[in-house]
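Here's a quick briefing for anyone meeting this structure for the first time. Have a look at it below, then read on for the main points.

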Amino acid sequence: LYHAKLMTSGFTSTSYPDDYHACSYPQCYDMETQEYGYHSSCCDGHYSYGQMFDYDAVSRTQFIGLTNVEFLAATDATSTEYSMSYVYDNFQWPHCTEHADID
């Protein structure tokens with residue numbers, strides 16, 4: 001659906017907030033301080049520069065992969081940085097309906 005939106009009318013803004021408004025849950029339990037409250041780590045991953053947590057490192061301070069902005073550019077078919085190898089031509093998945101009780 002993201003591709004379809006970009007390829008038709010797009011969005012009114014593609015800016016990514018990098019202040020506290022980017023996160024609607026600014027309070028969390030901080031593993032390092034062992035306190036509940038507002039910590040800069042509460043919204044890790046919600047900002048333009050955010051990345052995925054490195055699951056193998058079992059750490060909230062190690063990240064891997066593209067940033068959110070890099071990922072959005074890589075999946076935006078209107079971008080010069082587009083790097084997906086395909087775009088679906090429809091939203092039908094007949095291989096799923098044969099295993100489910102739906103049409």
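**A charge over a ring**

The charged end of Lys5 is placed over the ring of Phe11, 5.6 Å from the ring's centre. To count as sitting over a ring, NZ of Lys or CZ of Arg has to be within 6 Å of the ring centre and within 35 degrees of the ring normal. Keep in mind that this is a predicted model, where local features need pLDDT of at least 70, side-chain atom pairs count only at pLDDT 80 or more, and totals for chains, interfaces and linings use all residues. Residues are numbered from 1 along each chain as its sequence is written, and side-chain values use heavy atoms, leaving out hydrogens and water.

**The overall layout**

- You'll find three helices and four strands in the chain; these are DSSP runs numbered from the N terminus, with helices being H or I of at least four residues and strands being E of at least two.
- Starting at the N terminus, the order of elements is α-β-β-β-β-α-α.
- Of the contacts between residues at least 6 apart in sequence, 31% link residues at least 24 apart, where contact means heavy atoms within 4.5 Å.

- Strands S1 (residues 27–30) and S2 (residues 35–38) run antiparallel and are joined by four bridges; strands pair if DSSP finds at least two bridges between them.
- Gln27 faces Tyr38 across the pairing, while Asp30 has Glu35 opposite.
- Four residues lie between the two strands, and Gln34 in this hairpin has a positive phi near 55°.

**Two loop residues**

- Thr67 belongs to the loop between strand S4 (63–64) and helix H2 (68–74).
- Thr67 counts as buried because its relative accessible area is 16%; the cut-offs are under 20% for buried, over 50% for exposed and partly exposed in between, with a 1.4 Å probe and protein chains only.
- Leaving aside residues up to four places away in sequence, Thr67 touches Ser48, Tyr49, Gly50 and Gln51.
- Ser15 sits in the loop between helix H1 (2–7) and S1, and Ser15 is exposed, with a relative accessible area of 59%.
- Ser15 and Val69 are 54 residues apart along the chain, and their C-alpha atoms are 9.3 Å apart.

**The surface**

- Buried residues account for 18% of the chain's 103 residues.
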